[in-house]
Amino acid sequence: MIMKTRTILVVLGLVLSSALSAQTKWFSPMSGDVPAVFGRAWDAEIGKRYDRLPERLQAVVPEAVRELARNSSGLSVRFVTDARNIYIRYGLAEVRDLHNMSDINTSGVDLYARTVDNRYHWIGNRMNYSFGKTTKDTLASVYKGLNVKGNMEYELYLPNYNIVKWLEVGVDDGCVVRFKSPAETVEKPIVVYGSSIIQGASPSRPG
């Protein structure tokens, strides 16, 4: 009887999980002709990778710089949506455990909304996130019950000390996501050169 009950609960859980997944639409910032990634140069050369240096420069920089350039520190994804619930899922190349900073800073994401007066407002997710224990696990961060009416622009900052393999933004069925391209902006580039502080050591979160 106990085994039957457990089997029923497992099946029910799988059904509910499948139903929830079916109700969420997923969008990739790499799906367009121009990747919707901000905070880097050489977009055409780097292409659809969350790296910061093109391959032609890999051989002329120190090994430490070459490794850190694969991290997504300083990179962000901008998008517009009317959704009240936003789901982020992504995969990483490494499992990082650095003693001098939080997991959120090394491997997490950080969401901000741009308000009508052109200010950025941090969006908390009430600890609603999960980190994988292996590189095969999918990481997730969920922002639910946002107090919005109509479209809102967001900026999602990527992990400071890890390598993003893939990333998707999910919204409830009936909502849409439109990624912004760096080609749409008139922002002038700023080159920042420095030590590990510039890379992102050791604040509490990527933003």
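Predicted model: local features only at pLDDT ≥ 70, side-chain atom pairs only at ≥ 80, totals over all residues.

Me: Why is Ile198 called partly exposed?

Reply: The relative accessibility of Ile198 is 44%, and the class in between runs from the buried limit of 20% to the exposed limit of 50%, so Ile198 counts as partly exposed. Its place in the fold is helix 5, which covers residues 196-199.

Me: What makes Ile190, Val192 and Ile198 a nonpolar patch?

Reply: Nonpolar side chains are joined within 5 Å, provided that each residue has over 30% relative accessible area and no salt bridge; Ile190, Val192 and Ile198 form such a patch on the surface, and together they have about 330 Å² of accessible area.

Me: How do you know that Arg89 lies over the face of Trp26?

Reply: Arg89 lies at 3.7 Å from the ring centre of Trp26, and the criterion asks for a distance within 6 Å together with a position within 35 degrees of the ring normal, so the pair is counted as a charge over a ring. Arg78 is likewise placed over the face of Phe38, at 4.0 Å from the ring centre.

Me: What links Phe79, Tyr154 and Phe179 into a cluster?

Reply: Ring pairs link these three residues, a pair being counted if the ring centres lie within 6.5 Å. A search of the whole structure finds five aromatic pairs.

Terms used
Residues numbered from 1 in each chain as written. Heavy atoms only, no water. Patch = residues over 30% accessible without salt bridge, like charges linked within 9 Å, V, L, I, M, F, W, Y side chains within 5 Å. Areas by Shrake-Rupley, 256 points an atom, 1.4 Å probe, with all protein chains shown as cover. Salt bridge = Lys/Arg side-chain N within 4 Å of Asp/Glu carboxyl O. Helix = DSSP H or I, 4+ residues; strand = E, 2+ residues; numbered from the N terminus. Buried < 20%, exposed > 50% of the residue type's maximum accessible area, 1.4 Å probe, protein only. Phe/Tyr/Trp six-rings, centres within 6.5 Å; stacked < 30°, edge-to-face > 60°.
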